[in-house]
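Biologist: Before I rely on any label in this model, I would like to hear the criterion behind each one. Could you take me through them?

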Amino acid sequence: MPAPSRWAIRAALVYLLLGFTAGAVLLAAKGGLGSVPWRVLHPLHIEWLLVGWTAQLTMGVAYWIFPRVSLRRDVSGSPRMVWLAFAMLNVGIWLAGIGAIAPRPLEGTVTLLGRLCEVSAAVVFARVMWPRVRPGLAQM
Amino acid sequence: MPPLTRWYVRLSFTYLVLALVASTAGAAQQPLGLPGWVAALGPVAVHLFVVGWITQMIFGVAYWMFPRRSAAMPRGDPAPAVATLALLNAGLLLRIVAEPWHATRPSSLTGGMLVASAMAQWLAGVWWVVMMWPRVKER
């Protein structure tokens with residue numbers, strides 16, 4: 001498993017813990033165990049689990065297992081660009097999360113910045129991975 | 001594919017079907033005049049899909065495919081892995097029953113079931129991360 005995958009998968013595991021913890025607090029509060037700032041915790045729960053956990057884990061595993069070599073050349077992609085994609089994704093997750101809990105005038109701007117980082121991460125990652133969507137050497 | 005993965009994957013398919021049935025029932029509640037508690041199935045449907053289907057499929061496949069922990073115990077101690085499967089599914093099943101019930105007729109029983117569901121799913125997540133963390137390695 002290459003280093004970018006290890007970091008992305010470990011980050012995804014941390015987001016799984018954060019997201020499950022937020023979800024458990026929200027569900028327990030629904031059951032009457034304490035009260036929580038729903039407006040704050042609910043968007044964070046969704047962001048951490050959908051983007052931080054599910055999307056990041058998928059990206060990390062894809063970078064690890066997709067075919068790397070074609071008959072003519074190495075298509076594994078620039079590790080620098082993959083690091084950039086994972087960095088932007090994580091900055092985006094935190095900006096989008098902070099945006100959801102920021103005071104009113106800042107809320108929209110911070111969330112938008114976060115989403116732009118996430119979109120950029122997705123574009124860079126897709127660009128790196130595109131040539132790797134191919135038959136493996138064993139199938140050629 | 002190890003036996004535990006087969007359980008995870010089969011259960012995840014079951015939750016996919018249940019999630020879509022719950023979602024369809026929610027959509028049919030008003031047009032077909034179904035009972036009021038059916039309208040409260042929205043959050044259940046979402047969590048059946050995201051936790052029961054997606055997360056459980058990931059848990060099972062990662063348990064199978066991630067680099068091996070050691071030659072002697074390739075996937076580590078199987079007991080925590082079985083406990084994770086049991087806790088995740090017990091938590092989800094409790095939620096399926098308790099959440100619509102609590103939405104229409106809240107009581108200390110339904111509230112307690114929701115708290116128990118939250119704790120079971122949280123423990124499953126924590127346990128799974130602790131179990132898988134050492135397997136995120138180069139080879």
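Modeller: From the N terminus on, chain A runs α-α-α-α, that is, four helices and zero strands, where helices (H or I, at least four residues) and strands (E, at least two) are DSSP runs numbered from the N terminus. Chain B likewise follows the pattern α-α-α-α, with four helices and zero strands. This is a predicted model, in which local features need pLDDT of at least 70 and side-chain atom pairs count only at pLDDT 80 or more, while totals for chains, interfaces and linings use all residues. Residues are numbered from 1 along each chain as its sequence is written, chains are lettered from A and ligands numbered from 1 in the order in which they are written, and side-chain values use heavy atoms, with hydrogens and water left out.

Biologist: How do you know that the span of α1(A) agrees with its 28 residues?

Modeller: The expected span of a helix is 1.5 Å times one less than its number of residues. For α1(A) that gives 40 Å, and because its end C-alpha atoms are 40 Å apart, the two values agree. Just after α1(A), Gly32(A) takes a positive phi of about 100 degrees.

Biologist: What makes the side of chain A that touches chain B, and which helix gives the most to it?

Modeller: Counting contact as heavy atoms within 4.5 Å, 22 residues of chain A meet 31 residues of chain B. There are six residue pairs in polar contact between the chains, both residues at pLDDT 80 or more; a polar contact is a pair of N or O atoms within 3.5 Å, where within protein one must be able to donate a hydrogen and the other to accept it, and residues adjacent in sequence count only if both atoms are side-chain atoms. On chain A, α1 (3–30) and α2 (38–65) each supply at least two residues of the touching side, and α1(A) gives the most, with 13 residues.

Biologist: Why is Lys30(A) with Glu99(B) called a salt bridge?

Modeller: The term requires a side-chain nitrogen of Lys or Arg within 4 Å of a carboxyl oxygen of Asp or Glu. In Lys30(A) and Glu99(B) the closest N and O atoms are 2.4 Å apart, and the pair is listed as a salt bridge. The count between chain A and chain B is one salt bridge, and over all chains it comes to five. The pair crosses from helix α1 of chain A to helix α3 (residues 78–104) of chain B.

Biologist: Why is the pair of Tyr15(A) and Trp94(A) called tilted?

Modeller: Rings of Phe, Tyr and Trp (its six-membered ring) pair if their centres lie within 6.5 Å, with planes under 30 degrees apart counted as stacked, over 60 as edge-to-face and the rest as tilted. By this rule there are nine aromatic pairs over all chains. Tyr15(A) and Trp94(A) have ring centres 6.2 Å apart and planes at 40 degrees, so the pair is tilted. Tyr15(A) lies in helix α1 and Trp94(A) in helix α3 (residues 79–101) of chain A, 79 residues apart.
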